[in-house]
Amino acid sequence: MFRSVVTGSGAFLPAKLVTNDDLSKIVDTTDEWIGQRTGIRQRYIAAEDENTSDLALAAARNALAAAGLDGSDIDLIVLATTTPDQTFPATAVRVQNALGMRHGAAFDVQAVCSGFVFALAVANNFLAVGQAKRALVIGAETFSRLLDWTDRGTCVLFGDGAGAVVLEAKSQAEAGGRGILSTHLHSDGAYENILYVDGGPSGTGTVGKVRMNGKEVFRHAVQRLAEIVDETLEANGLVAADIDWLVPHQANQRIIESTARKLQLPMERVVSTIARHGNTSAASIPLALAEAVEDGRIRPGHLVLTEALGGGLTWGSALIRW
Ligand SMILES: CC(C)(COP(=O)(O)OP(=O)(O)OC[C@H]1O[C@@H](n2cnc3c(N)ncnc32)[C@H](O)[C@@H]1OP(=O)(O)O)[C@@H](O)C(=O)NCCC(=O)NCCS
């Protein structure tokens, strides 16, 4: 069995910045309401001609540069998205082509806001058994395309962006304790109706818009995320005090603080980008990881816990010795 060691990370945000005040001109809302309920102050929105694959490619290139690799070194791309450029081919295949990678495999994973953790788990399993050597795991979204800009309950929450990590398979000796220690995935389709898109190629033949019962999603998030951090620590024989960084999915600052409280982790050890990025769905964790690596907070050897909950419902976590 091999260890998947993170050897690079990168991110990309579209240029267009939209503040809460900007949104208050199109829906009945205020900066104060959005800030107090969610912690969000602004988000980035992709240009009309900017697709998920464009954001993904830019993030992937940054991650490859950080790892000192190029596309031809990679033999697996797992891309998490809810907003593929087209119904098919997979957005991952477009990224593969643009990177000049002519071998290996590339495919998309769909678990909405939990997508990055699911993609990380899939890639980790490929690397662990020796089926791939170097993987790019990408979370990329143009979630703005799914928003109903007349629904103030949802359109203020989300943003666009992409993040990526490079995983390299190392022998246990080579890894020296670094790498993905465990991943934990869950889903429960019984809660489909509290967070979904009311369209799709088979169902309606339309793209559809996000529909959400915010209060119910909030309730499930707090409960499920508290459970999964326990499950993750227990599986590794660790305690909360061992964690250097909590890098949660960025959906709501109050949900993030609830998980940190559960872990008795001071907020200085929690990476939060929600104020500036909003909820970028599958992109939020790799965006936050890349930022915290870039600014020197996350360093080799640190214990990093990521967790997410999203539509499905889906939820999951990954514990990484960076
Ligand atoms: C969406 C969320 C911020 C709403 O906060 P809340 O405290 O639950 O608020 P409610 O939905 O009960 O709405 C309270 C009031 O605010 C109003 N409201 C909703 N959105 C508003 C907005 N953007 N601006 C101003 N008022 C708003 C509602 O219409 C409601 O008004 P009413 O009492 O007159 O009906 C919160 O439920 C949440 O974050 N849930 C989790 C969502 C999430 O994370 N989704 C993604 C998961 S990956």
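Start by selecting Asp148 and Arg211: their side chains meet in a salt bridge, 2.9 Å from N to O. The term stands for a side-chain nitrogen of Lys or Arg within 4 Å of a carboxyl oxygen of Asp or Glu. By that rule the count comes to 13 salt bridges. This pair links distant parts of the chain, 63 residues apart, with Asp148 in the loop between S6 and H6 and Arg211 in strand S10 (residues 210-212). Helices (H or I, at least four residues) and strands (E, at least two) are DSSP runs, numbered from the N terminus.

A quick word on what you're looking at: this is a predicted model, where local features need pLDDT of at least 70 and side-chain atom pairs count only at pLDDT 80 or more, while totals for chains, interfaces and linings use all residues. Residues are numbered from 1 along each chain as its sequence is written, and side-chain values use heavy atoms, leaving out hydrogens and water.

Next, colour by domain: domain 1 is 2-175 and domain 2 is 179-321, with bounds from an automatic or database domain assignment. Their centres, taken over C-alpha atoms, are 14 Å apart. Select the contacts (heavy atoms within 4.5 Å) and you get 54 residues of domain 1 against 45 of domain 2.

How much area is buried between domain 1 and domain 2? About 3,700 Å², with carbon and sulfur atoms giving 67%; that is the accessible area (1.4 Å probe) the two parts lose on being put together, summed over both. Now pick Cys113, Val117 and Leu146, which supply 17% of the area that domain 1 buries against domain 2, more than any other three residues.

Across this interface the rule finds 1 salt bridge, and there are 16 residue pairs in polar contact, both at pLDDT 80 or more. A polar contact is a pair of N or O atoms within 3.5 Å; within protein, one must be able to donate a hydrogen and the other to accept it, and residues adjacent in sequence count only if both atoms are side-chain atoms. On the side of domain 1 that touches domain 2, show strand S1 (3-12) and helix H5 (115-128), among the elements giving two or more residues. S1 gives the most, with 8 residues.

Last stop, the ligand. Zoom in on Arg37: an N or O atom in its side chain is 2.6 Å from a ligand oxygen atom. Then find Gly214, whose backbone N or O atom lies 2.9 Å from a ligand nitrogen atom. Finish on Trp33, where a polar side-chain atom sits 3.4 Å from a nitrogen atom of the ligand.
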